[in-house]
Amino acid sequence: MAKAEEVPGLPARRAALRMLDGVLRRGETLEQNEAAALRGLPASDAGLARAIAAETLRWLVDFDAAVDSATRENLPEDAKPRAVLRLMLAQWLRLDTPPHAVVATALPLLSGGPKRLAHGVFGSLTKRGVELPPSPTLPDPVAERWGERAGAIAAGLAEPPPLDLTLKDASQTAEWAVKLGADSLAPGHLRLSRGQAVHELEGYEDGVWWVQDLAASLPARLLGEGGGKRALDLCAAPGGKTLQLAAQGWDVTALDISAKRLKLLEENLKRTGLLANIIAADAFKWEPEAPFDAILIDAPCTATGTARRHPDVLHRIGPRQIADLSDVQARLTERASGWLAPGGTLVYAVCSLESVEGEAQAAKVALAPDPIRADELPEGLSPTPDGHLRTDPGMLPEHGGLDGFFVARWRKA
């Protein structure tokens, strides 16, 4: 009989288990665990481990409910059999892995009584034909925070997102939509089905486009054409908005505290042939030499709006992180307001679904509101009554949804 170490597919399941442990026990992101958990795995196994971990987190509440329905007493939250059963259900119910293959590749992660328990519970659930609801059930604290929006948002989290690209030259949208077999929801935007190998797509090597969710592209779009005027992209890394501003004709300064993350921006600037002045510095210590005509603050945030592609945020973000980041956001916005030239425009954006990071921050800004107009937005989106923009994963469902963002705009009198 083959040893557990020799079971094909077992390393991918073990890696997924390690990644989940990092998120649920230590509060880390999936990405923080990848380097160690996936070390030495071939690309196919690494991709499978990521998929198992992501789908487990996406449907975690529903998997736990299924497990609890098949046990006399609920397993402890941190019990290893519960963790392995979560992985098993993700493979069976979300990745269409046959039950016998699930058993063969997951049960070797356990031994003795826990192994028999997991086998029995999984067998009971498969015989019963348990099914998932149409949308993932959100953890109670998350549903409470998102209130009446929670149901629509959850519906948008049921599937991983499609692949969105932003074109360097928006006038070529129709041409590249044909070349790549893509849909377009706005000038300069292309949407492809997920699972595409980005580096192999036509136009990548030539720097024709970069990867960027449609919602993430909206803040820079709201600054319009630059005409050579000076713009600051604050907290710029990894740089999608810097690329947009440069393509829109702004003289861009990209500021971020992380020199490591700015390396990706440097690579994309080189690939696309666009120009920007990159500065690695702490925004709370740095001072500009002259005021800017436009400032875009893509503020550090909880990133709960990216739950479609990063479902770990559903389980590791709580009141402490929200409070800490909202304080940083308020200080950044107040500081950046002083760097704006008279008549200049400030755009504040967060990829967060938390009102504390969005609407509450906008209420503190002491500049003249510059309300966002419906004709500036893709079809199907509209500004709020206050002239802000609030997107969430439940919007544009017929097109594959979009990330959750809050965006507001002001002008300095």
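Mentor: A charge is said to sit over a ring if NZ of Lys or CZ of Arg is within 6 Å of the ring centre and also within 35 degrees of the ring normal. Before we apply this, please keep in mind that the model is predicted, so that local features need pLDDT of at least 70 and side-chain atom pairs count only at pLDDT 80 or more, whereas totals for chains, interfaces and linings use all residues. Residues are numbered from 1 along each chain as its sequence is written, and side-chain values use heavy atoms, with hydrogens and water left out.

Arg-230 lies over the face of Phe-292, 4.2 Å from the ring centre, and Arg-271 lies over the face of Trp-209 at 5.8 Å from the ring centre. Trp-209 also has a place in a sheet, being the bridge partner of Leu-167 in strand S3; strands (E, at least two residues) and helices (H or I, at least four) are DSSP runs, numbered from the N terminus.

Rings of Phe, Tyr and Trp (its six-membered ring) pair if their centres lie within 6.5 Å, and planes under 30 degrees apart count as stacked, over 60 as edge-to-face and the rest as tilted. By this rule there are three aromatic pairs, and I will describe two.

Trp-92 and Phe-122 form an edge-to-face pair, because their planes stand at 80 degrees, with the centres 5.8 Å apart. Trp-92 lies in helix H5 (residues 80-93) and Phe-122 in helix H7 (residues 112-128), so the pair ties together parts that are 30 residues apart in sequence. With buried meaning under 20% relative accessible area, exposed over 50% and partly exposed in between (1.4 Å probe, protein chains only), Trp-92 is buried at 16% and Phe-122 is buried at 1%.

Trp-286 and Trp-339 are also edge-to-face, at 5.2 Å centre to centre and 90 degrees between the planes. This pair links distant parts of the chain, 53 residues apart, with Trp-286 in the loop between strands S6 (277-280) and S7 (292-298) and Trp-339 in the loop between helix H15 (319-337) and strand S8 (340-350). Both Trp-286 and Trp-339 are buried.

Note on methods: Two strands pair if DSSP finds at least two bridges between them.
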